[in-house]
Every structure is written in C-alpha cells, then in structure tokens.
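Let's take a friendly walk through a protein model. Keep the picture beside you and look up each residue as it is named.

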Amino acid sequence: MSESAGDRPHIPSTEGEFALDTAALRVLAHPMRLALLNELRDQGPATARQLARRFELDSGAASYHLRRLAAGGLIEEDVDRGNRRDRWWRALHRTSQHDPAERGGPEGRAYTQAVVLAAAERLRRAAAQAVPGMPDEWFAVSAFTDFTVRLTPDELHALKSELFAVVARYRDKEPAPGAVPATVQYQAFPADRVSEP
C-alpha cells in the first residue's frame, strides 16, 4: 500500500514501513510503478513476465519499471528464486509513507498525483474484474461509495487521524481463518479549488 497523507498522523506499528525520500518520490511518480510495487506487496514475489501479463504490459516495459523500483530501494531481486533468464522481484517494505509537510514540492505533488491515478486504476479493475464475480457474502459487505462533508483543515486532519487508527487496528491484527486481502481506499481533499486566504 502506498500512501500520501498530508501532515500524516502517527499510525501505530510502523514495522515494515518506509519513509519516502526525494529520490524514492521521483521513482514512484509513475502510476504503473506504484501498481507494480503494490502488487508485489499484496501478492508476493513475481517475475516481470508475470506482472506484465497481470497488467497487460509489454514485458520489457515491466522490466524497466522494476529496475527503476529497485534503484529507488523499494524492491530487490529475489535471488532464492528463478535464474538469470527469469528474475524474480520482491518488495522490501510493507508500506510507503509520505508526509508532504516534510517533503512537499514538485516531487511530493507528482508522487501524490501518481497515488491518486493508481487508486483510480485499481478501482477500475475492481469494477471490471472483481465486482461481477464476487461471491454474495463478500458483495454484501463491500462498500463503493463516497461522502461529501464540510470541514476545516483541522477537522479534516482529525477525521484522517481517526480513520487511520481504525485501519491500523485491523491491519495489524492476526488474520482470522478465511481472511483474504481487502483493499481499503481513502481519499480526502477539498472538492473545489481552494485559494490561499
């Protein structure tokens, strides 16, 4: 999971989290790289060929993006698998954290834009692939919605902190029998362009 969270509240249990530096932000300012990184985090090690099939990419393009992720310190070659012809890659961290208060600027904005585009693509894929064949028991408890609320920046920060705490509680618990990976997307931003006072 990649996150961009302005003035990021503390989420308990930071084991496996990676604070993105400027170089990593530049590498991840591409929605496909974010998608590949998230896939390696969610599904485990894979080859460029496997990832290219999953994302309908040319295998050369997948290899290029994987090498860029490796150069940014986000993934590494899984030397215990495969061979020179069939290289396997694995994620180095469970999540990425970006605090725009620390690293804003053009890199932080480009990364955040890539996060939004990758989330939109993930939602599009869910609509096309997951929803039509989802078992009834999972469909009944899924949610595809949004809300509009009127907030000040301080209230938005408080709402974000509360929601992150809830997600952290579920993320860090031991999975129950029958548990499967569930995507939780959270977007919070002004609905209209906000000008400086």
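Predicted model: local features only at pLDDT ≥ 70, side-chain atom pairs only at ≥ 80, totals over all residues.

In soluble globular proteins, nonpolar side chains tend to be buried together. Here, the largest nonpolar core has 27 residues, and L20, L28, L66, L69 and L74 touch the most other members. Helices α1 (22–27), α2 (31–43), α3 (48–54), α4 (59–71) and α5 (105–133) each supply at least two residues of this core. The most comes from α2, which gives six residues.

Beyond its neighbours within four places in sequence, L69 is in contact with V27, L28, R33, L36, L37, L74 and I75.

Is R33 buried or exposed? R33 is buried, because its relative accessible area is 7%, and buried means under 20%. This arginine is found in helix α2. Its side chain makes a polar contact with the side chain of H65, at 3.1 Å. Not counting residues up to four places away in sequence, R33 touches R26, V27, L28, Y64, H65, R68 and L69.

R26 sits in helix α1 and is partly exposed, with a relative accessible area of 49%. Leaving out residues up to four places away in sequence, R26 touches R33 and E107. R26 and E107 are 81 residues apart along the chain, yet their C-alpha atoms are separated by 5.8 Å.

**Salt bridges**

Side chains of opposite charge can pair when their charged atoms come close. The structure holds eight salt bridges, including these:

| Salt bridge | N to O distance |
|---|---|
| R90 and E76 | 2.8 Å |
| R124 and E121 | 2.7 Å |
| D172 and R171 | 3.1 Å |

What does the R90 and E76 pair tie together? R90 lies in strand β4 (residues 88–91) and E76 in strand β3 (residues 75–77), so the pair ties together parts that are 14 residues apart in sequence. Both also belong to a network of salt bridges that links E76, D78, R81 and R90.

R124 and E121 are separated by about one helical turn, because they are three residues apart in helix α5. R124 is partly exposed at 46% relative accessibility, and E121 is partly exposed at 33%.

**A patch on the surface**

Which residues form a nonpolar patch on the surface? They are F147, V149, L151, L159 and L163, with about 470 Å² of accessible area together. One of them, V149, is in the loop between α6 (136–139) and α7 (153–171).

How values were computed. Residues numbered from 1 in each chain as written. Heavy atoms only, no water. Patch = residues over 30% accessible without salt bridge, like charges linked within 9 Å, V, L, I, M, F, W, Y side chains within 5 Å. Areas by Shrake-Rupley, 256 points an atom, 1.4 Å probe, with all protein chains shown as cover. Salt bridge = Lys/Arg side-chain N within 4 Å of Asp/Glu carboxyl O. Helix = DSSP H or I, 4+ residues; strand = E, 2+ residues; numbered from the N terminus. Core = buried A, V, L, I, M, F, W, Y, C linked by side-chain atoms within 4.5 Å. Buried < 20%, exposed > 50% of the residue type's maximum accessible area, 1.4 Å probe, protein only. Contact = heavy atoms within 4.5 Å. Polar contact = N/O pair within 3.5 Å; in protein donor to acceptor, adjacent residues only side chain to side chain.
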